[in-house]
Amino acid sequence: MKLLALWVISVIAAAATPTIPSTPDLGKAEARCRPGENGPSLLLDIVGLKDREGRLKAEVYPANDQDFLQDDNILISQGKIFRRVEVPVGQGSTQNGYTAQICVRVPGPGRYAVSVLHDRDGNRKFGLSVDGVGFGGNPKLGMGKPKAASATLVVGTGPTRERIIMNYRRGLLSFGPVKAL
C-alpha cells in the first residue's frame with residue numbers, strides 16, 4: 001500500500017512539474033567546450049565505432065537511476081544537470097575500428113552519468129538494430145539500460161579524459177563491441 005501511495009505521489013508531482021518543449025538543441029549551449037578553456041569537462045575518447053556514418057551524441061546526466069536517461073526537457077525544467085554535444089563521426093580510425101573525440105563541459109567537479117549514441121542513420125533516435133551505444137564506465141550491456149552507478153564518471157576541476165567503448169547489436173539478445181579492444 002505504501003508503494004502504491006509513493007507511486008501516486010510521484011506521478012502527481014511529475015504531472016505538476018512544468019516542462020519546456022523537448023528539442024534536439026536542449027543542453028547544447030552549456031555543453032560545448034571552448035578553445036583554451038580549462039574548467040571541469042569530460043574529454044571522451046570514443047573507440048570501437050562501427051563506421052564513419054551519421055553522428056555521435058554524448059549526454060551527461062545526474063548520477064542517479066531516477067534521472068539517468070530521463071527526458072531532457074524534464075531534467076532542465078527541474079533545474080537538474082543535462083548536457084548534450086552532437087558531432088559528425090569524423091575521420092579518425094585505428095586498427096580496432098573508428099575513433100572520435102567529444103568534449104563536454106560540466107557545471108563543476110563531481111559524479112555524472114554519461115551516455116554516447118552513434119546515430120548511424122541520423123534520425124536522432126536509438127535504433128536497436130542500427131545504432132551503437134556506449135556509457136561511462138563501459139558497463140557490460142544486456143537488453144535494458146545500465147544502472148547509473150555503472151555509467152558514472154568522476155570529473156575533476158579541469159578536463160578529465162575518459163574512454164568510452166561503443167557497443168552494437170551482435171545477436172538477437174546481445175550487445176557488445178564490434179571488435180575486442
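A pocket is an open set of grid points where a 1.4 Å probe fits, with protein on both sides within 12 Å along at least five of seven lines. In this predicted model, the largest pocket holds about 410 Å³ of space. Its lining is made up of 20 residues, and those nearest the centre are Leu69, Leu117, Phe126, Val133 and Phe135. Strand E2 (55-62), strand E6 (110-119) and strand E7 (132-135) are the elements that contribute two or more residues to this lining. By residue class, the lining of the largest pocket comprises twelve nonpolar, three polar and five charged residues.

Of its 18 lining residues, Lys57, Glu59, Asp72, Arg84 and Arg124 sit closest to the centre. At least two lining residues come from each of E2, strand E3 (83-88) and E6, and E2 gives the most, with five. Here the lining divides into nine charged, six nonpolar and three polar residues.

Attention now turns to a single side chain. Leucine 42 belongs to strand E1 (residues 41-49). Its relative accessible area is 0%, so leucine 42 counts as buried, the cut-off being under 20%. Beyond the neighbours within four places in sequence, leucine 42 is in contact with Val60, Ile102, Cys103, Val104, Val114, Leu153, Val155, Thr160 and Glu162. The fold also brings together positions separated in sequence: arginine 163 lies 121 residues from leucine 42 along the chain, yet the C-alpha atoms of the two are 10.0 Å apart.

Methods: Residues are numbered from 1 along each chain as its sequence is written. This is a predicted model: local features need pLDDT of at least 70, side-chain atom pairs count only at pLDDT 80 or more; totals for chains, interfaces and linings use all residues. Side-chain values use heavy atoms; hydrogens and water are left out. Helices (H or I, at least four residues) and strands (E, at least two) are DSSP runs, numbered from the N terminus. Buried means under 20% relative accessible area, exposed over 50%, partly exposed in between (1.4 Å probe, protein chains only). Contact means heavy atoms within 4.5 Å. On a 1 Å grid over the protein atoms alone, a cavity is a set of points where a 1.4 Å probe fits but cannot get out, and a pocket is an open set with protein on both sides within 12 Å along at least five of seven lines; lining residues have an atom within 4 Å of a point. Grid points are joined across faces, edges and corners, and a volume is the space filled by probe spheres set on the points. Ala, Val, Leu, Ile, Met, Phe, Trp, Tyr, Cys and Pro count as nonpolar, Asp, Glu, Lys and Arg as charged, and the others, Gly among them, as polar.
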